[in-house]
Amino acid sequence: MPPTCFTLKPLSLHFPFLSHLLPNVRWNQTTATTTTTTRSHTSSSPTSEPIKTDEWKDSSASTEFPLYKSQLHCLLQRRGLSPESAVSARLFKPTTVGPNRRLPVLVYFHGGAYCFGSPFCAEYHNHLTSLVAEANVIAISVDYRLAPEYPIPIAYEDSWAALKWVASHCNGQGPENWINDNADLRRVFVAGDSAGANIAHNTAMKAGEEELAGLELNGACLVHPDFASKEGHVPEAWFFACPDTSGASDPRINPAVDSRLGKMRCRRVLVCVAEKDWAKERGLFYYEKLRKSGWTGAAEIVETEGEGHVFHLFNPNCENAVNLVKSPKTANPTHKKLPLLIYFHGGGFCIETAFSPTYHNYLNSLAAEANAVIVSVDYRRAPEYPLPIAYDDSWTAIKWAASHSERGGDEVWLNDYVDWDEVFFAGDSAGANLAHNMAVRVGLEGLDGARLVGIVLVHPYFWGKEPIGKEGDNIMGKAFAENLWLFVCPSSSGSDDPLMNPVKDPNFSKLGCKKVLVCVAEKDLLRDRGWYYKQELEKSGWGGVVEVMEAGGEDHVFHLFNPTCENAVAMLKGWLLS
């Protein structure tokens, strides 16, 4: 491989409960820890009539909860049933959502032996509130109908109906505006505890048989799941909730006998067990059978010492409950999967290297903060190797990295730790130019074994014949930008070369990702070009989301020379939150 790649991985490889399922989410710890005046709210019985978001108030206080918004909403009306029989849910959304930002969706199924419990009881209200505040997700807590009045499989049918209702928002025309405007239906997760974990599993199984158009089920989290034991013992509550069951040979309660187990429709499963829980061995047995079933996803198991069944619901502030939500120890660290960032350094295509102290230090910080594996590409530079050699080298490096997706590559870190559904490109200055052009190439040619989620362009080196904004005011800077391009790419047609001016590229709208973050600096000559890129990308017909982050009072690649300054730290955090 012509370019050399410098690979970094984070020092800590803890596999957080939520980051395992939602690897792109950055926890909102400030919001969760600094708000001390909120009061818990226990809702009355669910209603089948929708309540507008801005009308929901805490009945015990006159102000709206600051951590989240919550809503009761009728998901659908069942034909032939009275309004009282409608499937209901509680919807939670973080109060603060960035512009044009899409959040993952967590569909949650409460426990209670299939015959009691509700999303509207205090335990689940508080638990889901914490999850939403920590994970910055939209949560939908489903109020399925309960046995014995409504025996199994009605709870499964209601839960599947709820997931189909979520999918109905895929074109932005669904009945719930929160989901239309803020949900990323390519990142949907199911979760539950006890009986709810059983329902989450069976819902994921159903998704393997019946595809939901526009919805991607990424993962399932099963907390203290209610399944049959290794010896075939079935919980008594199951027979009460499901009178027509065949017992241990029923795959709904005993996944070990399900020949379809390997076809479950999600890429990740996290199983949580507790040391003193009667269901512990059942969770471990499920995990073992899933891994041996031929299912191709990544399974993880977490055990909490010294605790019993669903302890986190009854003592949510204890250390173990907090750790369960945030970052528990995992029982099989070799199966952790982390996002991959492929980084292209700057330097006008002619100076700097992936091994220089500037980039070494910066990417070390980034790997530690993002908990990601980073491949920093050392492409060949002009004038000895004029463009397009740097583009060719960068593409070769990307293909080399992706060759590890089947765990047969020559780099152990990439084989063992990378989640190939969470790949990102990034770069600064000339490196941002490379990151953009590589994303276009992914859009045109694809990337076998990997999914490019997004790109981050920091102070991108783009230009054009026609000045944008204040570019014409800086005569020397304008001349430098134009002449540097011709120096590193002597065969170019000039500043409107599509490699240099993306707007002139007929393939601009074919960018092979759905997220773009552009970082600009107020005093940077390239600032207006970054904003122009966003404006034209939005108008191009590309179907993704592009955001711009501007650092006031700063100049070109300031973060590399003063990485600890306030704006550099803020920009790094902005990367992680985008």
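This is a predicted model: local features need pLDDT of at least 70, side-chain atom pairs count only at pLDDT 80 or more; totals for chains, interfaces and linings use all residues.
Ser194 sits in the loop that links β6 (183-193) to α6 (195-209). Its relative accessibility is 10%, and buried means under 20%, so Ser194 counts as buried. Setting aside neighbours within four places in sequence, the contacts of Ser194 are Gly111, Val223, His224, Pro225, Asp226, His309 and Val310.

Ser429, in turn, lies in the loop between β12 (418-428) and α14 (430-445). With a relative accessibility of 10%, Ser429 counts as buried. Residues up to four places away in sequence again left out, Ser429 touches Gly346, Val458, His459, Pro460, Tyr461, His556 and Val557.

Attention now turns to helix α15, which runs over residues 475-488. Its 14 residues, at 1.5 Å a residue, should span 20 Å, and this agrees with the end C-alpha atoms, which are 20 Å apart. Within α15, the buried residues are Gly477, Ala481, Leu484, Trp485 and Val488. These residues are on the same side of α15, because they cover an arc of only 100 degrees around the axis. That buried side of α15 has a partner in the fold: its buried residues pack against α12 (389-402). On the face of α15 turned away from the buried side, Ile475 and Met476 are exposed.

Key
Residues are numbered from 1 along each chain as its sequence is written. Side-chain values use heavy atoms; hydrogens and water are left out. Helices (H or I, at least four residues) and strands (E, at least two) are DSSP runs, numbered from the N terminus. The expected span of a helix is 1.5 Å times one less than its number of residues. Buried means under 20% relative accessible area, exposed over 50%, partly exposed in between (1.4 Å probe, protein chains only). The arc is that of the directions from the helix axis to the C-beta atoms. Contact means heavy atoms within 4.5 Å.
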